[in-house]
Structures are given as structure tokens and as C-alpha cells.
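Here are my notes on the model you sent. They run from the whole chain down to single residues.

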Amino acid sequence: MKTPPLVLVVGATGALGRPVVRRLLAAGVPVRALCRHPAQAADLVALGAEVVAGDLIDAASLQRACVGVQSVLACAHGLLGRGRWRSEAVDDTGHRALIAASQAAGVQRFVYVSALLAGPDSPLDFGRTKHAIEQAVAASGLPHAILRPSAFMEHHVHRFNGEPFLKHGRAVFFGPASKPRNFVAADDVARIAVHALLDDPLPFERLDIGGPDHASNAEVAALYARLAGLPYKATHLPAGLARALARVVRPLHPGVARILGLMGLPDEALPEHFDGAAALAQRFGFRMTRLQAFVQARVQAHVQAQVPAR
Ligand SMILES: NC(=O)c1ccc[n+]([C@@H]2O[C@H](COP(=O)([O-])OP(=O)(O)OC[C@H]3O[C@@H](n4cnc5c(N)ncnc54)[C@H](OP(=O)(O)O)[C@@H]3O)[C@@H](O)[C@H]2O)c1
């Protein structure tokens, strides 16, 4: 019987990494998860993953982690990092080191998670770095697949918007927050990542990924309000304030400054449109998560968590 390939997942504790690891293990595929803090991956160990300590800024740890591995999934990032974990060290140098370690270990497939916003002229340094690593992966000689997802619902719908709205009863935005944005569920991206890792032959080399719905940040908060039965309240701060704060914060925390800079961008500087969801659903044979269903589930979980235990 053919032994299933060992997959190394870098970023296994992330919104995308966790469902990929779960799906691989459920399919009987052995997983090695490289984690900065292995204790935070106890749930993955319980499911059967081998967790190894490592860090994208520690090239030797990447070399050790790649030994005996057939496929690598690179789904970590340092968007919000600072100091030795600043984005340049993690997203650029660290990923180049991971590519080199994969080449040296004879890895047979390298799957890199980039982003829909990546490009040589992205207004965001992170988008330009992602583009540079896409190019490094393509030039590496490794059989590869590059996934380019839109904004994950788990972070951009819930964590940064719906969750604080439910907690404080008010949304706070920089600017009008009226740009239509495409959101995708990380678990939907995970399904496609598993195809990229396991399908033979390689199903694609580069794929844009997004969900079926678009909404502005203000519309997302209003949806939470409606589904939770709360009045919709929002404060809109001037977008220029985000840019000014970014300049002040940058020397102290370049990651936070990056997010503030992003919030201060005019809508047209970074369009977030995607219209290929129906084609993706048909190609990979599953129903993509709708925005309303995702929010409904999060609101229900919030309501249940507030009911006192009897
Ligand atoms: N979130 C989005 O909306 C979005 C959209 C498009 C593309 N993407 C891309 O999709 C991928 C997954 O994103 P995500 O949202 O799932 O990430 P996430 O939830 O923010 O988690 C980040 C992951 O990266 C790991 N990590 C950070 N620095 C590391 C380092 N120095 N060495 C090793 N691991 C490190 C973290 O591990 P620790 O447990 O050690 O912190 C964590 O597992 C990333 O490449 C991201 O750029 C994300």
C-alpha cells in the first residue's frame, strides 16, 4: 500500500492552518506542524499531528522540519509583527529560507498562500512582499501551487468588526467604511488548499480565491446588529486620522502601523472584488459559505455564550 505523503504545515495554528490540518488528518494524511509555541497546538496533537518547534526567522528550524517531508504548506504570515518578527523577516526572508529548506530536502510540492491583494504595485508593502514570494516560489523549480485568497471572514468579518460590535454595541470605523469587500471563509480556502496539496496531478499553479458575497464593513456591522436584534450604532473617524496615527505608531509597532495605513487608504487604492466564487464551487464540488450564514452562526454562538449555565 502506498504511504500517504507527510505534509509540513507552517502556520498550523492560524485561521487557515487549523482547518487544513484537521482536513488532512481526517483524510489519513500525516501532518507535521511547525509552531513557534507548540503548547498552543495541543488540539492538533490530540488530533494526531506531529508538532515541532520552529520559526520562520530560524532557518535551521526550517531545515530540520523539512526532513522527510513530501509537501509543504506555507500559510503563516507576519503582517502584524514587530521587532525580530517584523513582516520583512517573516514574510520575505523567512519564506525564502523555507523555499531553500524545501529544495534542499527534496520536497515534491510547495503550496504557498499569498493573497488576492498581492501585486508588484500594491499600495501595501505586505502585498508587494507576497508578490515577490510568489515569484520566488515560481522560480524555485519546486512543483508548486499558489493560492491567492480574499479577506478571511474569521478575521475581517468577525474578529475585527462583528465581535467588537457585539461586545460594545457600536462599530468604530475610519472613513465611510463603504467599500464593497469580498470575504471568504477560511475553511473554504482550506478545502482548496487540501486539493493543492494532495491532488495528482497538481490541480493548478496559481489560483485566485474568494467567496460568493461582497459587503462593506459598515454593512457587515449592520448585519450583526440586525441578526442580534440590536440597534445599529457606528462612529466614523476621519480616514486621515488613521494615516496620522500610522506615522506616529510606525517606529514602535510597524505591524499596527500597517493596519492603520490600510484603514486610511482611499477605497479606490485597493479594490477587493472577486467574481469567481461560483466557478470555484463548481470546480471543487462544494457550497461556499455565505456571509449571512457565517454571521448568523457567530451571533448565535455569542447569544449562547451569554446564557448563564444552569
Ligand atoms: N487573514 C486573511 O484575511 C488573509 C487573506 C488573504 C491571505 N491570507 C494569507 O493566508 C495565510 C494564513 O493566514 P491566517 O489569517 O490563517 O493567519 P493567522 O490566523 O493570522 O495566523 C498566522 C499564523 O502564522 C504563524 N506565524 C506567524 N509568525 C510566524 C513565524 N515567525 N514562524 C512560524 N509561524 C509564524 C502563526 O503562528 P503562532 O501560533 O506562532 O502565532 C499562525 O499560525 C497567510 O499567508 C496570510 O497572509 C490571509
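1. A definition comes ahead of the rest. A residue counts as buried if 20 or more other C-beta atoms lie within 10 Å of its own, as exposed if 12 or fewer do, and as partly exposed in between. On that count, buried residues make up 43% of the 310 residues in the chain. Please keep in mind that this is a predicted model.

2. Overall form. The C-alpha trace spans about 60 × 50 × 40 Å along its principal axes. The chain holds twelve helices and twelve strands. Take the contacts with a separation of 6 or more: 74% of them join residues 24 or more positions apart.

3. The nonpolar core. The largest one has 79 residues. Val9, Val10, Ala33, Val72, Leu73, Val111 and Ala193 touch the most other members. Helix 7 (residues 186–198) gives the largest share of this core, eight residues. Beyond its neighbours within four places in sequence, Ala193 is in contact with Val20, Leu73, Val111 and Leu147.

4. Strand 1 (residues 7–10). In a regular strand the side chains alternate between the two faces of the sheet. Here Val7 and Val9 point one way, Leu8 and Val10 the other. All four are buried. Strand 1 pairs with strand 2 (residues 31–35) in the parallel sense, over four bridges. Leu8 has Arg32 as its bridge partner in strand 2.

5. Strands of a sheet pair through backbone hydrogen bonds, either parallel or antiparallel. Three strands form this open sheet, in the order 7-9-11, and the pairing is mixed. Which strands stand at the edges? They are strand 7 and strand 11 (213–215). Each has a single partner strand, so one side of each is left without a neighbour in the sheet. Strand 7 and strand 9 (residues 181–184) pair in the parallel sense over two bridges. Within strand 9, Val184 stands opposite Phe152.

6. The ligand. How many residues surround the ligand? There are 30, and the closest are Gly14, Leu16, Arg36, Ala76 and His77. Helix 4 (87–104), strand 7 (151–152) and helix 6 (153–168) are the elements that give two or more residues to this shell. By class, the shell has 17 nonpolar, eleven polar and two charged residues.

7. Val90. This residue sits in helix 4. Is Val90 buried or exposed? Val90 counts as buried because it has 20 C-beta neighbours inside 10 Å, and the cut-off for buried is 20 or more. Not counting residues up to four places away in sequence, Val90 touches Leu56, Ile57, His77, Gly78, Gly81 and Trp85. One of these, His77, is 13 residues from Val90 along the chain, and their C-alpha atoms are separated by 6.5 Å. His77 is also among the closest residues to the ligand.

8. Arg170. This residue lies in the loop between helix 6 and strand 8 (171–174). With 15 other C-beta atoms within 10 Å, Arg170 is partly exposed. Arg170 touches Phe165, Lys233, Ala234 and Thr235, leaving out residues up to four places away in sequence. The C-alpha atoms of Arg170 and Gly14 are separated by 27 Å, and the two residues are 156 apart along the chain. Gly14 is one of the closest residues to the ligand.

Technical notes. Residues are numbered from 1 along each chain as its sequence is written. This is a predicted model: local features need pLDDT of at least 70, side-chain atom pairs count only at pLDDT 80 or more; totals for chains, interfaces and linings use all residues. A residue is near a molecule or strand if its C-beta atom, placed from the backbone, lies within 6 Å of it. Ala, Val, Leu, Ile, Met, Phe, Trp, Tyr, Cys and Pro count as nonpolar, Asp, Glu, Lys and Arg as charged, and the others, Gly among them, as polar. Two residues are in contact if their C-beta atoms, placed from the backbone, lie within 7 Å. Two strands pair if DSSP finds at least two bridges between them. A nonpolar core is a set of buried Ala, Val, Leu, Ile, Met, Phe, Trp, Tyr and Cys residues joined through C-beta atoms within 7 Å.
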